[in-house]
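Below is a note for a colleague who is opening this structure without having seen it before. The points begin with the ligand site, then turn to the spaces in the protein and to some backbone details.

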Amino acid sequence: MDAILIKGSTEPLRGTVRISGAKNAALPILCATLLSDGASRLRNVPKLRDIDTTAALLRFLGRNVVVDAPEITVDPGSCSRPEAPYELVKQMRASVLVLGPLVARYGRAKVSLPGGCAIGARPIDQHLKGLEAMGCTIHLDRGYVFAEGPDGGGRLRGAEVVFDMPTVTGTENIMMAAALARGRSTIVNCAREPEIEELGRILNKMGAVVDGAGTDVIHIEGASELAPFDHAIIPDRIEAGTYMVAAAMIEGSDVLIEGAELHDLEALVAKLRMANVNVTSEGRNVRVGRTGPLKPVNITTGPHPGFPTDMQAQLMVLMCLARGESVISETIFENRFMHVPELQRMGADIVLRGHVAVVNGVDELYGASVMATDLRASASLVVAGIAAREETEVRRVYHIDRGYERIEEKFKGMGVNIERVVGAHS
Ligand code: EPZ
């Protein structure tokens, strides 16, 4: 397995980073191609393991998929088996996003339960509750979800679906199912992420009538059939936020982040500015730097537009160097502090109290060999290495490659001394 080596420095960072397309927009949109019998094209798609995994799943489902990053074309084939096997779903939980499209398009689906992952149990009860409201019969057997449309595999019926909590992929699954359902659906207590808005744009391009994507109530008029689409994916706000935090790690830095959309990152930007980080919009780019000491800030993660859980680890790393105490509360996932023991090994002063981490800033971090099992936590350890003394080795880089395209190349572009060691560990 590869490792990434970072030589820490006090030298200010300078340079530019170009943001790739959003992983968490591309994944549901790729699954939405199952709703149409035409050939769709996606542009500005990042080259990531999760994208390749989704392409493999679509091929298993009979689609002809050509991945030529940053473009992907998906041509219809014949879907003899609307199934998503455990071997593929276990690699990526987001594979559950084929469930809604398959049962809407083919009247039935067999999809492996995604199971938990490092950050939590990750149940899909809300996805299943929504499909049942649309007339689906659902039963679970031997780790699989078996879903069948009304009357033995007929067309789904538009319905009102009220989620118990905002769920990103739950909202996306039900939106895609509703796009082919008979009549009107209303989805209440939806997730409001920009990636949900993007999916709404796609479903409208395909011929459904989607209103309210990005708010907590979405209305969808289903169509009897949906057309293919050609679409360029929005930029990845979490990738952008990760590089914004990296640019703030060393005093005196000044980095231009190209293609970052500030309006999708208000909660993060507000906290960075409170921490004495300079964040200025320059057209479709963002300039980030720091001219003075970091100030501690408190954060509580929450559904969008709250502070994103996917940026919690990154902000914690920054607060490890702030002058004072920061309180970081994780409210979305039950086990999303796996980066904490690794940061403690780098000299960070962090005390965990259940879902709360109390961080007291230190003068400096020390390089170490570290690893994490969460995509965002792993990337945060690379960020920590930027300002740590000596060298930091981040292991299990395959986690990072799931969500960060060409990470070492992009960090080099902002002046970080970083390299990948291929096959560093068995
Ligand atoms: C999406 O995961 C993202 N993944 C995650 O990003 C992100 O961290 C998460 O949303 C929260 O923003 C993709 O978009 C592919 P949820 P998702 O359903 O949809 C509970 C990354 O790093 N819940 O919004 O799986 C759940 O346990 C990944 O790119 C239920 O109880 O998250 C959690 O506590 C990591 N029942 C909360 O809701 C359900 O049926 C929010 O989860 C569904 C969710």
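1. By class, the shell around the ligand is made up of 9 nonpolar, 6 polar and 8 charged residues, where Ala, Val, Leu, Ile, Met, Phe, Trp, Tyr, Cys and Pro count as nonpolar, Asp, Glu, Lys and Arg as charged, and the others, Gly among them, as polar. The model is a predicted one, in which local features need pLDDT of at least 70 and side-chain atom pairs count only at pLDDT 80 or more, while totals for chains, interfaces and linings use all residues. Residues are numbered from 1 along each chain as its sequence is written, and side-chain values use heavy atoms, with hydrogens and water left out.

2. Of the 23 residues around the ligand, those that come nearest are Gln126, Thr167, Thr169, Asp310 and Ile332; a residue is near a molecule if one of its heavy atoms lies within 4 Å of it. At least two shell residues are supplied by each of α1 (23-32), α5 (125-133), α7 (168-179) and α13 (375-387), and α5 gives the largest share, 3 residues. Helices (H or I, at least four residues) and strands (E, at least two) are DSSP runs, numbered from the N terminus.

3. Among the polar contacts (pairs of N or O atoms within 3.5 Å), an oxygen atom of the ligand is 2.7 Å from a polar backbone atom of Gln126, and a nitrogen atom of the ligand is 2.8 Å from an N or O atom in the side chain of Asp125. An N or O atom in the side chain of Arg336 is 3.4 Å from an oxygen atom of the ligand. The protein covers 87% of the 820 Å² of accessible area that the ligand has on its own, by the Shrake-Rupley method with a 1.4 Å probe.

4. The structure holds 1 cavity of 30 Å³ or more, a cavity being a set of points, on a 1 Å grid over the protein atoms alone, where a 1.4 Å probe fits but cannot get out. The largest cavity contains about 40 Å³ of space, a volume being the space filled by probe spheres set on the points, which are joined across faces, edges and corners. Its lining, of residues with an atom within 4 Å of a point, includes Val45, Leu48, Asp52, Ala69 and Ile72, and divides into 7 nonpolar, no polar and 3 charged residues.

5. α2 (49-60) and β5 (71-75) each supply at least two residues of that cavity lining. The peptide bond from Ala69, one of the lining residues, to Pro70 is cis, with omega near 5°, and Pro70 is found in the loop between β4 (64-68) and β5.

6. A cis peptide bond also joins His304 and Pro305, with omega about 10°, and Pro305 lies in the loop between β18 (299-300) and α11 (312-319). Asp151, in helix α6 (residues 150-153), has a positive phi near 55° although it is a residue other than glycine. These points deserve a look because most residues other than glycine have a negative phi, and most peptide bonds are trans.

Methods
On a 1 Å grid over the protein atoms alone, a cavity is a set of points where a 1.4 Å probe fits but cannot get out, and a pocket is an open set with protein on both sides within 12 Å along at least five of seven lines; lining residues have an atom within 4 Å of a point. A polar contact is a pair of N or O atoms within 3.5 Å; within protein, one must be able to donate a hydrogen and the other to accept it, and residues adjacent in sequence count only if both atoms are side-chain atoms.
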